[in-house]
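Here is a short report for a reader new to this structure. Look at the model first, then read on.

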Amino acid sequence: MKFRTPPLILDKDPVQTISVVADVINNCNHACTYCHPMEDGKWGGELLYADQVGDVLRASDEAGVLEVLLTGGEITMHPEFDGIMDQTRDLERTAVAMVT
């Protein structure tokens with residue numbers, strides 16, 4: 001197998017990243033106790049913008065990553081969710097999954 005970007009070499013054995021997890025949004029409309037910790041019963045509200053998520057997706061695809069897992073809090077609450085999903089269509093090799 002040839003890589004566009006050479007893999008990290010440890011002890012002369014090639015290592016390839018096969019999965020990337022991206023916490024896209026730190027917000028949710030549920031308060032599950034087993035999920036991310038909340039401060040004072042509230043989520044942090046931070047998020048990656050759609051163009052930042054697109055950068056992660058494209059870089060992963062170019063590096064030969066097999067899967068990117070989009071998660072957060074609740075990914076479907078992202079204000080640019082549709083734009084993020086649109087960017088997944090342009091990937092050549094990388095599959096995208098979501099945890100909601």
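## Salt bridges and a sheet

The side chains of Arg58 and Asp55 join in a salt bridge, with 2.9 Å from N to O. The model is predicted. Both residues, Arg58 and Asp55, sit in helix α1, which covers residues 50-62. They are three residues apart, about one turn of the helix.

How exposed is Arg58? Its relative accessibility is 40%, so Arg58 counts as partly exposed. The class runs between the buried limit, under 20%, and the exposed limit, over 50%. Asp55 has 45% relative accessibility, so Asp55 also counts as partly exposed.

How many salt bridges does the structure hold? There are three. Side chains of opposite charge can pair when their charged atoms come close.

| Residue | Partner | Closest N and O atoms |
|---|---|---|
| Asp86 | Arg89 | 2.9 Å |
| Glu92 | Arg93 | 3.6 Å |

Take the pair of Asp86 and Arg89 next. Asp86 has 39% relative accessibility and therefore counts as partly exposed. Arg89 has 63%, so Arg89 counts as exposed.

Now the pair of Glu92 and Arg93. Is Glu92 buried or exposed? Glu92 is exposed, because its relative accessible area is 60% and the exposed class begins over 50%. Arg93 has a relative accessible area of 39%, so Arg93 is partly exposed.

## The sheet and its helix

The model also has an open sheet of three strands. Their order is β3-β4-β5, and the pairing is parallel. Which strands lie at the edges? They are β3, residues 19-25, and β5, residues 95-98. Each of these edge strands pairs on one side only. From one strand to the next, the twist averages 25°.

Look at β3 and β4 in detail. Strand β4 spans residues 67-72. It runs parallel to β3, and six bridges join the two.

Conventions
Residues numbered from 1 in each chain as written. Predicted model: local features only at pLDDT ≥ 70, side-chain atom pairs only at ≥ 80, totals over all residues. Heavy atoms only, no water. Salt bridge = Lys/Arg side-chain N within 4 Å of Asp/Glu carboxyl O. Helix = DSSP H or I, 4+ residues; strand = E, 2+ residues; numbered from the N terminus. Buried < 20%, exposed > 50% of the residue type's maximum accessible area, 1.4 Å probe, protein only. Pairing = 2+ DSSP bridges. Axes fitted to C-alpha atoms, helices over the stretch in contact; angles between N-to-C directions.
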